[in-house]
Number of protein chains: 2
Amino acid sequence: MITGKNYIGHQASASGTKVFKTFNPLLNVENDWKFTEASIQEVNEATSLASEAFKTYSKFPGPKKAEFLRAIAYEIDALGEELLDVYTSESGLPKGRAIGERGRTIGQLRAFANHVELGNWVDATIDTAEPERQPIPKVDLRKMNIPLGPVVVFGASNFPLAYSTAGGDTAAALAAGCPVIVKSHPMHAGTGELIASATVKAAKKTGMPNGVFSNLNSSGIEVGQLLVKHPNIKAVGFTGSIVGGRALYDLASQRAEPIPVFAEMGSVNPVILLPKALDNRATDIAKTYAGSITLGTGQFCTNPGLILGIKSEGLTNFANTLAKEIVNIQPTVMLHPNIIGAFEKNKTRALSQTGTQLLAGYKNEVKPNFAKQVVTTVEGDTFLNNSALHQEVFGPYSMVVQCENSSQLEDIISRLEGQLTGTIISDDNELISYSSLVNALQDRVGRIIFNGVPTGVEVCPAMVHGGPYPASTDSRFTAVGVDSIKRWVRPFSYQNWPNELLPDALKNENPIGIFRIVNGKLTKESI
Amino acid sequence: MITGKNYIGHQASASGTKVFKTFNPLLNVENDWKFTEASIQEVNEATSLASEAFKTYSKFPGPKKAEFLRAIAYEIDALGEELLDVYTSESGLPKGRAIGERGRTIGQLRAFANHVELGNWVDATIDTAEPERQPIPKVDLRKMNIPLGPVVVFGASNFPLAYSTAGGDTAAALAAGCPVIVKSHPMHAGTGELIASATVKAAKKTGMPNGVFSNLNSSGIEVGQLLVKHPNIKAVGFTGSIVGGRALYDLASQRAEPIPVFAEMGSVNPVILLPKALDNRATDIAKTYAGSITLGTGQFCTNPGLILGIKSEGLTNFANTLAKEIVNIQPTVMLHPNIIGAFEKNKTRALSQTGTQLLAGYKNEVKPNFAKQVVTTVEGDTFLNNSALHQEVFGPYSMVVQCENSSQLEDIISRLEGQLTGTIISDDNELISYSSLVNALQDRVGRIIFNGVPTGVEVCPAMVHGGPYPASTDSRFTAVGVDSIKRWVRPFSYQNWPNELLPDALKNENPIGIFRIVNGKLTKESI
């Protein structure tokens, strides 16, 4: 049952006075629940509890944190139909998507549970002493990763489960040993509250300290700003727009003690169509991309918003087929009136740029909040000279850039902003002749795809979901996969520390049986 | 032979008009050489060359980069006596220190050569495809670390070799595959030029691209600012003061495309004296610390500037012995008149704070630029309430804080700014009763030392040289040891990429024989 309250640690709380509601875009009405925004006092309580919880939680062994993470997964599952109903009511996304995303969320929590239970993630590194070394003795040094401290997580509008309350950022931070304060996304505050209730239930059941997790409601920016500026907070995770992510990054960088912000922000996910592939299968590619562009009403961060090819009969065929296919797809609803408002505005802005031509757009009447998909085209020269065309139009939109030749194509790629993904559609041995183009693309992206679509982000250790700015604020980390834990940890070194007082990961006996680098050699052996 | 020129890639160059000289603090005279500051045009040339060099250098296999790094080490060694002479003339540091630091520099270069030759540092992670998976097939994903791009390195005043031109930051960046532009430290521009000449010679001999390394002279801040703001630059390494490091961090954070800055900035390196240790061996500890405080004229970033104990007969004995010992040590010269100027100013400021008492200070006349060491003492309460006392006094200075009880001691520790190191002097089983104090200290530092001195930073994989702000701008990295390479790399993922076009590290056959995580299992096996 949704109460509209915040969770300040284990405690439901609503001491503030401002309330807001969420919106059902499919029915085009407000939902009934009233959410109370967190007060300044509640923000301060949550941060105090988080700092206090950090003292014990940061020292918990892997299996204890794993138990907590698995309990969260269990409690989310146990929310049953209510979660699915609230999710669909607050997002307009279909029930199948809700089930899929719930599975992904649970899967992520369990993957992190396994990861910290296994324990190798601490990157234990040991250099033993050499008391006889000349000219000076060598000391004993032992290094491992430890958690940074309380982390604030800002959930994504487009992933109410997998990248929100107990999504990837939260799971990674809790796995690392960092308490988490979620600034709940106002578009799906009810979904957030349910997940928060499951998380708090799991925390209580598994004996976690009060304050290991809090969930704060807010429809404005004040609560988020207070959190990011608060001295108790040691890192920030964010998924959302460039404007939002950059604002938080700036705020965090300007603190007396700057803290790291990992913000995963938009991307146009360029797709390069190589000539032979276009010659041989332009129609098939176009059909595939019509689907990818409109998947989930184009609301994935990996939506292909930019398609680049060299002028040819093949590219013309591709564009014509894409135009034909895209209008046959039944429009779907967007997450919120604000989201579709921005889509319409950005689409209009893109279409109003000199040289942009409409390839095709859905024309029939649609229900409120349903997005009419559009594909446009532009000459390579025009694109190069107008950076407004490089910006993301979040929603079912893509632009086909018709380049004069491969040198212009490469020039365009090398001038793109940072991207989450880049895709190359290529035939047989065609790719080998485009190595400098591939290198230029690699330089701009976090993940490169061969003959596929960028949509669909596999959650696995080898995934990189991130990339050069503005795809993310720090390309040295990924937001997806178990390695995303690295965002929330720092290396820590013990010098000549008594063996019995070292953490298990660094003890001579290697009691938890992890891989360690001992005097330069990777081994599970004891010392 | 010193020419006073910059190296713009492989080319010596001096197109600017501003010149400056370095200073011999021991003789208290300017050195003869005239250094020409890099012009704006030269800055732009260096960054263009670096970007161009990155295209090829970033793809070089480990052994080829290793050859370059070893050649730099060889050429530095081949500089022979001239390097030692210029080093001592520009720093006042003794020849023995010059030889030791040269050995460390060469050792670091060779350690990185071995590291990239071995190749495990790319953290290769492979998840193979599952075409039959339901409901959707699993794609093939392969991840490895790749270099960020051109890196700007700002060398340290106090380590003209090991943390300057071809020091730790440069060696790590070159090992990663990043071209380096050094903003040469104006206090030892001659030493810098010699090392740059050796590096360029090595680059030419081993066939490295022009622009893989540049060395720019400057006595002011303009050249550094131009470099950090330049769009071609993708990361910054800095060793120096908090003011300098923070200014660069702010500049980099405010760019249209923010870039990571790893700045290793000062630290007071707190030392905690536990009661039993003081009871049993206050005199010995004091003698050891008199040496550590004055080592290298107190010009190490790990100099113990703050000593904390609980009021007791033992602490009084310690303070008295320290006072007696410290004045018996022969003063030594500081690096530069500016450095000793700042030392005198900060010492006076610390002594002028209400409640600060002089324990002892060297009183006799000294030669110009020689530092008169000082130790002071203060009550715990006074220290807690005056943050001015928490600031570093760079040089042979330390303050003994006399705490009322262990709770005040812990309170002080928990309110310290971030530190490179924390040291605990303890007897036998004493430490086990102070676990919350140890935890508080861990929270504030990058390295914790048992019964030792913080000075002396072992270069080995298990070292952490960094720590919470302001010890460094990002506690998630270390500046010393092979893992410092992680500052300059990002993970990159290939999806469904043809095996023959993958980098060797990710090919099925594992041709370079590295450890990889394949479907969750760490292995050297092929796929």
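Reader: Are D140(B) and R142(B) buried or exposed?

Author: This is a predicted model, and in it D140(B) is buried, as is R142(B). These two residues also form a salt bridge with each other, in which the closest N and O atoms are 2.8 Å apart.

Reader: What are the relative accessible areas of E81(A) and K95(A)?

Author: E81(A) has a relative accessible area of 45% and is partly exposed, while for K95(A), also partly exposed, the value is 39%.

Reader: Which parts of chain B does the salt bridge of R487(B) and D169(B) tie together?

Author: In that pair the closest N and O atoms are 2.9 Å apart. R487(B) sits in the loop between β20 (445-450) and β21 of chain B, and D169(B) in helix α5 (residues 168-176) of chain B, so the pair ties together parts that are 318 residues apart in sequence. Both R487(B) and D169(B) are buried. Elsewhere, salt bridges with shared partners join D123(A), K143(A), D483(B) and K486(B) into one network.

Reader: How do I read the size of an interface, and how much area do chain A and chain B bury between them?

Author: The size of an interface is often given as the accessible area lost when the parts come together. Here chain A and chain B bury about 6000 Å² between them, and 56% of that area is on carbon and sulfur atoms. On the side of chain A, the residues that lose the most area to chain B are Q442(A), R476(A) and W497(A), which together make up 12% of what that side buries. Counted by contacts, 66 residues of chain A meet 66 residues of chain B.

Reader: How many salt bridges and polar contacts does the rule find across this interface?

Author: The rule finds 8 salt bridges across the interface of chain A and chain B, and E458(A) forms one with R133(B), the closest N and O atoms being 2.6 Å apart. There are also 38 residue pairs in polar contact across the interface, counting those where both residues are at pLDDT 80 or more. Several elements of chain A each supply at least two residues to the side that touches chain B, among them α8 (242-253), α14 (435-444) and β20 (445-450). The largest share of that side, 7 residues, comes from β21(A). By residue class, the side of chain A that touches chain B divides into 36 nonpolar, 10 polar and 20 charged residues.

Reader: Which strand of chain B is joined to β20(A)?

Author: Strand β21 (residues 489-495) of chain B is joined to β20(A) by 3 bridges, and the two run parallel. Within this pairing, R447(A) stands opposite S493(B) in β21(B).

Reader: Where do the residues of strand β13 of chain B point?

Author: In β13 (residues 261-264) of chain B, V261(B) and A263(B) point one way, F262(B) and E264(B) point the other way, and all are buried. Strand β12 (residues 235-239) of chain B runs parallel to β13(B), and 4 bridges join them. F238(B) stands opposite A263(B) in β13(B).

Note on methods. Residues are numbered from 1 along each chain as its sequence is written. Chains are lettered from A and ligands numbered from 1 in the order in which they are written. This is a predicted model: local features need pLDDT of at least 70, side-chain atom pairs count only at pLDDT 80 or more; totals for chains, interfaces and linings use all residues. Side-chain values use heavy atoms; hydrogens and water are left out. Contact means heavy atoms within 4.5 Å. Buried area is the accessible area (1.4 Å probe) that two parts lose on being put together, summed over both. A salt bridge is a side-chain nitrogen of Lys or Arg within 4 Å of a carboxyl oxygen of Asp or Glu. A polar contact is a pair of N or O atoms within 3.5 Å; within protein, one must be able to donate a hydrogen and the other to accept it, and residues adjacent in sequence count only if both atoms are side-chain atoms. Ala, Val, Leu, Ile, Met, Phe, Trp, Tyr, Cys and Pro count as nonpolar, Asp, Glu, Lys and Arg as charged, and the others, Gly among them, as polar. Two strands pair if DSSP finds at least two bridges between them. Buried means under 20% relative accessible area, exposed over 50%, partly exposed in between (1.4 Å probe, protein chains only).
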